[in-house]
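Please open the structure in the viewer and keep the selection tool at hand. The stops below are to be visited in order.

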Amino acid sequence: MVILGIDPGYALLGYGIVETDTVNSKAIDYGVIETNVGEPFPERLERLYLGMRQLIELYKPDKIAFEELFFAKNTKTALLVGAARGVAILAAQRCSKPLYEYTPMQIKLAVTGNGHADKTQVQEMIRLLLRLKKIPKPDDAADALAVALCHANTMGPAAQEFLIQ
């Protein structure tokens, strides 16, 4: 099974492609879809949409998992990232793939066994679990791999509760 993990963002949208047989997982690809600061926001959203469509067409994932957004302070940033997440969800929905979402705490728990793990712990576990020589960079790509691994560890009947409705 191929899982596409997404760490939403409007400057950098992280993606991680993981292949799993529920026992072993391996990274197929990871990186970011990047937008330019000087571009008008609608053009940035279009770049994210087209980048998502390209990833889905190239890797043909069986499942797509997103990190839920959590912003306690900056409302403007939350709205911009929310728009980028919406565009990514639309691109995925147009491909008729099951879509799932996980909170940052669920992702940390699934990857490290500790829902309050710090970023370096999560990154090191990603490196170990996927047998990578080094920690994936940038952080957005590592976070997206963590989302994909979270879904790989949550598959089965329990995953139904994480479907985006």
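Begin with the second largest pocket, which holds about 170 Å³ of space. A pocket here, found on a 1 Å grid over the protein atoms alone, is an open set of points where a 1.4 Å probe fits, with protein on both sides within 12 Å along at least five of seven lines; lining residues have an atom within 4 Å of a point. The volume is the space filled by probe spheres set on the points, which are joined across faces, edges and corners. The model is predicted: local features need pLDDT of at least 70 and side-chain atom pairs pLDDT 80 or more, while totals for chains, interfaces and linings use all residues. Residues are numbered from 1 along each chain as its sequence is written, and side-chain values use heavy atoms, without hydrogens and water.

Select Asp7, Glu67, Pro104, Ile107, Lys108, Lys119, Val122, Asp143 and Ala146 to display the lining of this pocket. Which helix gives the largest share of the lining? Helix H3 does, with 3 residues; H3 (104-112), H4 and H5 each supply at least two. Helices (H or I, at least four residues) and strands (E, at least two) are DSSP runs, numbered from the N terminus. By class, the lining has 4 nonpolar, no polar and 5 charged residues. Ala, Val, Leu, Ile, Met, Phe, Trp, Tyr, Cys and Pro count as nonpolar, Asp, Glu, Lys and Arg as charged, and the others, Gly among them, as polar.

Next, select H4 (residues 119-129) and H5 (residues 139-154), which pack at an angle of about 65° with their axes 10 Å apart. Axes are lines fitted to C-alpha atoms, for helices over the stretch in contact, and angles run from 0 to 180 degrees between N-to-C directions. The contact (heavy atoms within 4.5 Å) is made by Lys119, Val122, Gln123, Ile126 and Leu129 of H4 and by Asp139, Ala142, Asp143, Leu145, Ala146 and Leu149 of H5.

In the loop between H4 and H5, select Pro138. The peptide bond from Lys137 to Pro138 is cis, with omega near -5°.

Move on to Lys60, in the loop between H1 and strand S4 (63-67). Lys60 is not a glycine, yet has a positive phi of about 45°.

Finally, select Tyr10 and Phe41. Their ring centres lie 5.9 Å apart and their planes are at 75°, so the pair is edge-to-face. Rings of Phe, Tyr and Trp (its six-membered ring) pair if their centres lie within 6.5 Å; planes under 30 degrees apart count as stacked, over 60 as edge-to-face and the rest as tilted.
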